[in-house]
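Trainee: Could we go through this structure together? I would like to learn how to read it.

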Amino acid sequence: MSAMLPILDQSTAAGRDELARVLAKLRGTSAFDSEASRTVAQIVADVRADGDAAVVRYMRQWTDASFTAQRIRVSEAELAAAEKGLDRKLRGALATAIKQVRAYQKHIMPRATRPVTIGGAELGLRFTPVDSVGLAVPGGKAAYPSSVVMLAVPALVAGVPADRISVVTPPPTRRGEEPAGNVSPLVLATCAMLGIRRVYRIGGAQAIAALALGTQSVEPVDLIAGPGNVYVQLAKAQLNGVVGTDNGFYGPSEIITLADASADPRKVAADLIAQAEHDPGKCFLVAWSRCVIERIIAQIEAQKFDRARLEAIEAALANESAAVLVKTPAQAVEVANRIAAEHVNLAVKDPRAWLKRVRHGGEFFLGDGTPVAAGDYYAGPSHCLPTGTTARFASGVSVYTFLKRSGTVQYKRTMPAAAIDAIARLAEAEGLDGHAASVRARR
């Protein structure tokens with residue numbers, strides 16, 4: 001068998017040590033005590049001080065040496081031209097994806113609960129959307145119109161107006177003397193289809209800082225959501241409080257597949273390769289049969305040469321991924337919960353039963369007949385999901401991301417004497433006699 005996908009045998013000390021190293025590396029992608037964190041702090045400080053000028057400096061440093069402030073905002077004419085030039089069949093596929101995601105987000109949209117009367121007060125809960133949002137759509141290496149759909153549609157369903165949604169997405173990274181590239185027409189056309197007109201041709205931590213703080217060209221927003229590299233994620237974390245964020249670490253993409261003897265090796269291998277073609281992608285295969293693992297690795301070897309991104313696939317599988325051989329299904333569940341991956345594929349005989357045991361994951365794909373790509377593009381739940389083991393405590397983007405919860409309290413008649421006395425007593429115990437007086441005024 002090829003050593004391209006390392007096999008970590010958990011019955012050996014070496015295998016257990018290597019899995020611990022892999023987990024530490026995964027958690028390290030979301031760590032703040034790093035050189036990347038210090039770099040992001042400097043970028044944020046520079047954008048706060050210099051606005052557009054700082055954004056341009058960092059775009060020139062990492063994306064395009066000739067970038068100018070005039071390129072920051074995408075014009076209405078560019079958006080219109082991109083939508084007009086969109087291939088008819090591709091437009092149809094995007095429209096269907098938008099329809100599916102919208103239907104799912106409407107289905108899960110929370111509704112205000114019926115009021116309940118407790119202690120003489122009528123109590124309720126209301127949901128209201130944030131006023132404006134900024135969406136980070138990856139670029140530089142590839143175009144992701146699907147990310148526009150998966151971020152913008154939940155915001156729109158939540159009630160954020162399209163004219164208060166901003167998108168930041170960088171142009172392709174420029175190499176040597178090649179001409180400056182533009183943002184993908186597919187991304188621009190998708191924005192136009194959704195009615196989004198505020199699009200900025202910038203990326204990285206500088207784009208997040210610009211959305212949070214505002215610059216001469218970029219209008220500030222109330223909440224920022226979306227995936228990106230470690231610099232984007234750290235910028236969101238550092239600016240949380242100045243601006244709201246999605247409270248998730250949506251970094252390098254990852255999958256874990258739990259497979260038993262019923263799994264089709266061809267389908268499982270295809271999913272692992274699909275994840276590996278992300279640059280980078282992280283793939284984990286967990287099984288309690290070496291034979292199952294070897295059949296799937298053989299299929300990876302057979303299929304990989306048909307893929308355009310062979311170099312990225314091989315690098316991801318060799319350096320960022322592992323097959324984990326465990327003794328029992330229970331141990332497989334334990335490993336899955338420790339990795340807490342972005343995508344969890346349950347390629348097992350009874351995936352619904354396994355779903356009760358695997359607690360942590362950004363999104364679950366039940367059975368080997370359900371490809372992760374369905375969630376990436378089409379099915380309904382957003383593909384913006386927690387990575388780096390943060391699915392232990394974080395959730396993916398959804399309509400909930402863009403909603404605020406507010407309690408309501410109303411005494412329709414005179415406050416009950418018992419409530420007045422209890423509140424006043426508690427307030428005075430804290431030394432706040434003004435609070436006590438305010439309730440006694442209602443007697």
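Mentor: Let us begin with a term: contact means heavy atoms within 4.5 Å. This is a predicted model, in which local features need pLDDT of at least 70 and side-chain atom pairs count only at pLDDT 80 or more, while totals for chains, interfaces and linings use all residues. Residues are numbered from 1 along each chain as its sequence is written, and side-chain values use heavy atoms, with hydrogens and water left out.

Trainee: Which residues does V344 touch, not counting those up to four places away in sequence?

Mentor: V344 touches I256, V358, H360, G361, E363, F364 and F365.

Trainee: And where does V344 lie?

Mentor: V344 lies in strand β12, residues 343-347. Helices (H or I, at least four residues) and strands (E, at least two) are DSSP runs, numbered from the N terminus.

Trainee: Is V344 buried or exposed?

Mentor: V344 counts as buried, because its relative accessibility is 1%. Buried means under 20% relative accessible area, exposed over 50%, and partly exposed in between, with a 1.4 Å probe and protein chains only.

Trainee: How many residues apart in sequence are V344 and F284?

Mentor: They are 60 residues apart in sequence, and 9.6 Å apart in space from C-alpha to C-alpha.

Trainee: New topic: sheets. What is the strand order in the open sheet of 5 strands?

Mentor: The order is β6-β5-β4-β7-β8, with parallel pairing. The edge strands are β6 (198-200) and β8 (244-245), each of which pairs on one side only. Two strands pair if DSSP finds at least two bridges between them.

Trainee: How many bridges are there between β4 and β5?

Mentor: Strand β4 (residues 133-136) and β5 pair in the parallel sense over 4 bridges, and L135 has V167 of β5 as its bridge partner. On β6, β5 pairs over 3 bridges, again in the parallel sense, with V168 opposite Y200.

Trainee: Which residues of β5 are on each side?

Mentor: In a regular strand the side chains alternate between the two faces of the sheet. For β5 (residues 165-168), I165 and V167 are on one side and S166 and V168 on the other. These four residues are all buried, and both faces of the strand are covered.

Trainee: What about the open sheet of 3 strands: what is its order?

Mentor: That order is β2-β3-β14, with antiparallel pairing. Its edge strands are β2 (116-118) and β14 (403-410). Neighbouring strands of this sheet are turned by 35° against each other on average, direction ignored.

Trainee: How many residues are between β2 and β3 in their hairpin?

Mentor: There are 2 residues between them, and G119 in the turn has a positive phi of about 60°. The two strands run antiparallel and are joined by 3 bridges, with T117 partnered by E122 of β3.

Trainee: And how many bridges join β3 to β14?

Mentor: Strand β3 (residues 121-129) is joined to β14 by 8 bridges, and the two run antiparallel. Among the facing residues, T128 stands opposite K404 and G124 stands opposite T408.

Trainee: Now helices. At roughly what angle do α2 and α8 cross?

Mentor: Two packed helices are described by the angle between their axes and the distance between the axes. The axes of α2 (residues 35-50) and α8 (residues 204-213) cross at roughly 45° and come within 9 Å. That makes α2 oblique to α8. Angles under 35 degrees count as roughly parallel, over 145 as roughly antiparallel, 65 to 115 as roughly perpendicular and the rest as oblique. Axes are lines fitted to C-alpha atoms, for helices over the stretch in contact, and angles run from 0 to 180 degrees between N-to-C directions.

Trainee: Which residues make that contact?

Mentor: V40, I43, V44, V47 and R48 of α2 meet A205, Q206, A209, A210 and L213 of α8.

Trainee: How far apart are the axes of α4 and α7?

Mentor: The axes of α4 (residues 76-84) and α7 (residues 185-193) are 8 Å apart, at an angle of about 100°. The two helices are therefore roughly perpendicular to each other.

Trainee: Last one: which loop holds A340?

Mentor: A340 is found in the loop between α13 (329-339) and β12. A340 has a positive phi of about 45° although it is not a glycine, and A340 is buried, with a relative accessible area of 0%.
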